[in-house]
Amino acid sequence: MKCTDPGVLPGSDYYFATPSIQAKNLFYYLLCAGSYTCEAGYHIRRSSYNSVLLMYVLEGSCTVKFEGRTYLAGSGEIVLANCYKPHEYYTDGHLKSLWLHFDGSQSLEFAENILKTQGVVLPCENSALFINSINSILEIFRKHLTISEPSVSCIIHTLLCNLVSATSVSGALELEGGVIFDAMNFIKTNYRRSITVEDIAKNVSMSPSHLSRMFKKQTGYSPYEYLLKVRLDSAKSLLKKTNSSIAEIATAAGFNSSSNFIYTFHSRTGISPNKFRHMPF
């Protein structure tokens, strides 16, 4: 559908989708999508539109006002906004973008997590993924085909996961080289010792606060959470492969006491170490 709204130039198109009851109950679902080329005069201001907006800026810039702050998104950047809340965005010059409004499943939880940790404007580390994904959805409408709601849900989920942390088709983090890769290796090598976030940060010559932000952004874990993950993974392996006592496993996995190990294991897995040891898989 061609758009004739103020500031939207010829050649722009957008489309609406009405989700099924099944999609509303189970999936991330699309509400509308578009490809816009805009000039000064394009200005969206809403008190709410029950959805999450994801916009990829192809060219130019987009100004976003959200929760009392003003952001500027440039070429190659992502705008993510919780449109349940008042929001405003516009261009003073030139803007070419691809965009989606969606909802459902964990959409708001994803959006709030990303907004809290990264903000409204995000760098895009995989432009081809976002461009190809949104264009593939638009082509369904342009060719008058029927949307596969499970497939579109998978596309939206993939895009959200990519914003949360570095992802790949194989499921492995793409962190070969770099400071966070070095920090992860330091943890894997030294988890049996009593190490802190300060120790990890010092090893990679970063401040603890900056390391924590970067680590969370790229891996989905805080440095301390990742340290606990490595220790728990080691403990699980020892519980299954050895006859060592709980106290011995606690020490070998880097916990400062067996009581701390038992408490942490139960709080993270929902079962005790001993029950895990005897559970068939």
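Predicted model: local features only at pLDDT ≥ 70, side-chain atom pairs only at ≥ 80, totals over all residues.

Trainee: Got it. Which residues of helix 2 are buried?
Mentor: The buried ones are S107, F110, A111, I114, L115 and Q118. Looking down the axis of helix 2, you'd find them within an arc of 125°, so they line one face of the helix.

Trainee: Where does S107 lie?
Mentor: S107 is in helix 2, which covers residues 107-118. Its relative accessibility is 1%, so S107 counts as buried.

Trainee: And which residues is S107 in contact with, leaving aside neighbours within four places in sequence?
Mentor: Those are Y28, V52 and F102. A polar atom of the S107 side chain also lies 2.5 Å from the backbone oxygen of G104 and 3.3 Å from that of D103.

Trainee: New topic: how many salt bridges are there?
Mentor: The count comes to 7. In one of them, the side chains of K85 and E112 meet at 3.7 Å, N to O. That pair links distant parts of the chain, 27 residues apart: K85 is in the loop between strand 6 and strand 7, and E112 is in helix 2.

Trainee: What about R142 and E139, how are they placed in helix 3?
Mentor: They are 3 residues apart there, so about one helical turn separates them. R142 and E139 form a salt bridge, with their closest N and O atoms 3.0 Å apart.

Note on methods
Residues numbered from 1 in each chain as written. Heavy atoms only, no water. Helix = DSSP H or I, 4+ residues; strand = E, 2+ residues; numbered from the N terminus. Buried < 20%, exposed > 50% of the residue type's maximum accessible area, 1.4 Å probe, protein only. Polar contact = N/O pair within 3.5 Å; in protein donor to acceptor, adjacent residues only side chain to side chain. Contact = heavy atoms within 4.5 Å. Arc of directions from axis to C-beta. Salt bridge = Lys/Arg side-chain N within 4 Å of Asp/Glu carboxyl O.
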